[in-house]
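The following exercises concern the protein chain displayed below.

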Amino acid sequence: MTGSKLIVDKALRAATHLGSSKLSSELLAKSSTAWLSSAAAGGVAKLPDLPYDYNALEPAISAETMTLHHSKHHNTYVTNLNVAMEKLDAAVTAGDASAIIGLQGALKFNGGGHINHTLFWENLGPTSSTPSGSLAAAIDESFGSFDAMKSELSAKTIAIQGSGWGWLGVNTATGRLEVATCANQDPLKATTGLVPLVGIDVWEHAYYVDYRNVRPDYVQKIFDIINWNVAGERLDAAK
Ligand SMILES: [Fe+2]
């Protein structure tokens with residue numbers, strides 16, 4: 001593994017907690033496949049397969065949106081991340097500190113886009129679910145109720161100026177869940193230290209086909225397709 005591959009491998013594992021033995025074999029298999037399959041392709045990152053069909057999230061998110069979002073938008077982040085990683089390899093090999101620093105923006109944007117979308121596909125699903133176990137208890141303890149958490153996550157996500165992501169994450173120092181927002185493709189853990197449990201993409205490419213400019217309707221509807229079982233597994237893995 002090259003130095004740059006190791007850097008992103010660690011970053012993705014930190015973001016998704018793939019390294020935890022507590023993560024379910026099902027989630028680990030899905031995420032690991034997404035990541036490890038890149039080696040066979042000769043690149044650093046590879047577009048992961050969705051764990052469901054493009055039309056599986058209808059009517060909340062249309063097949064058209066899912067197709068464009070996954071096969072075009074996410075794929076572009078993967079392509080450009082690999083370009084940046086190749087340049088980083090060359091810069092590291094040459095010991096060119098200026099070139100390494102100059103790549104940070106592209107690495108953050110495209111690496112963040114890859115990490116965020118990989119998390120996003122997994123924290124959505126066609127089967128309705130509700131928080132249970134330790135996740136349900138943590139939501140009650142941190143917010144008072146599920147509805148209070150939903151209200152705060154929705155409001156702050158809708159209020160993001162421009163493009164970005166709303167997140168429910170866990171502060172591993174306090175054990176409490178927190179709502180946070182990130183601009184652009186800034187990844188949650190690297191930006192705030194919170195471990196991501198649920199992400200909501202509010203770039204217009206995520207909802208414009210289905211909801212036009214009405215972001216609040218999209219955010220409201222996405223709660224119908226959040227996979228709270230995955231969120232619970234992420235919380236347990238973060239402990
Ligand atoms: Fe997106």
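**Exercise 1: Overall organisation and confidence**

In the protein chain, residues 24 or more positions apart account for 69% of the contacts with a separation of 6 or more. Describe the secondary structure of this predicted model, and state where its coordinates call for caution.

Solution. 

Step 1. The chain contains eleven helices and three strands. Read from the N terminus, the order of elements is α-α-α-α-α-α-α-β-β-α-β-α-α-α.

Step 2. The chain has 239 residues, and 40% of them count as buried.

Step 3. The mean pLDDT is 88, and 82% of the residues reach 70 or more. Over residues 1-11, however, pLDDT stays under 50, and the model has 17 contacts beyond four places in sequence for this stretch. Residues 13-42 also have a pLDDT below 50, with 42 contacts in the model beyond near neighbours in sequence.

Step 4. Where pLDDT is low, the predicted coordinates should not be read in detail.

**Exercise 2: The strands**

Solution. 

Step 5. β3 is mostly covered, since seven of its seven residues are buried.

**Exercise 3: The nonpolar cores**

Which residues touch the most other members of the largest nonpolar core, and which elements each supply at least two of its residues?

Solution. 

Step 1. The largest nonpolar core has 40 residues, of which Trp167, Leu168, Val170, Ala231 and Leu235 touch the most other members.

Step 2. At least two core residues come from each of α6 (133-143), α7 (146-158), β1, β2, β3 (195-201), α10 (215-222) and α11. The largest share, six residues, belongs to α11.

Step 3. Domain 1 (3-122) and domain 2 (133-238) each contribute at least three residues to this core.

Step 4. Another core, of ten residues, lies apart from it and includes Ala45, Leu47, Ala84 and Leu88.

Step 5. Consider now Trp167 in the largest core. Not counting residues up to four places away in sequence, Trp167 touches Ala180, Thr181, Cys182, Leu188, Leu194, Pro196, Val198 and Gly199.

**Exercise 4: Helix α11**

Why is helix α11 described as largely enclosed by the rest of the structure?

Solution. 

Step 1. Helix α11 spans residues 228-238. Its buried residues are Trp228, Asn229, Val230, Ala231, Gly232, Glu233, Arg234, Leu235, Ala237 and Ala238.

Step 2. Ten of the eleven residues of α11 are thus buried, so the helix is largely enclosed by the rest of the structure.

**Exercise 5: The annotated binding site**

Where does UniProt place the feature "binding site", and are His69 and His117 buried or exposed?

Solution. 

Step 1. The UniProt record, an unreviewed entry, places the feature at His69, His117, Asp201 and His205. These positions are spread over 137 residues of sequence, yet they cluster in space, with a largest C-alpha distance of 12.2 Å.

Step 2. His69 is located in helix α3 (residues 63-94), and His117 is located in helix α5 (residues 104-122).

Step 3. A residue is buried if 20 or more other C-beta atoms lie within 10 Å of its own. His69 has 23 other C-beta atoms within 10 Å, so His69 is buried. His117 has 24 C-beta neighbours inside 10 Å and therefore counts as buried.

Step 4. Leaving aside neighbours within four places in sequence, His69 is in contact with His74, His205 and Ala206. With residues up to four places away in sequence not counted, His117 touches His74 and Tyr77.

**Exercise 6: Lys189**

Classify Lys189 as buried or exposed, and state in which helix Lys189 has its place.

Solution. 

Step 1. Lys189 belongs to helix α8 (residues 188-192).

Step 2. Lys189 has 20 C-beta neighbours inside 10 Å and therefore counts as buried.

Step 3. Lys189 and Asn171 are 18 residues apart in sequence, and their C-alpha atoms are 9.8 Å apart in space.

How values were computed
Residues numbered from 1 in each chain as written. Predicted model: local features only at pLDDT ≥ 70, side-chain atom pairs only at ≥ 80, totals over all residues. Buried ≥ 20, exposed ≤ 12 C-beta atoms within 10 Å, placed from the backbone. Helix = DSSP H or I, 4+ residues; strand = E, 2+ residues; numbered from the N terminus. Core = buried A, V, L, I, M, F, W, Y, C linked by C-beta atoms within 7 Å. Domains from an automatic or database assignment. Contact = placed C-beta atoms within 7 Å. UniProt positions renumbered as here; feature names shortened; annotations may be inferred. pLDDT = per-residue confidence, 0-100.
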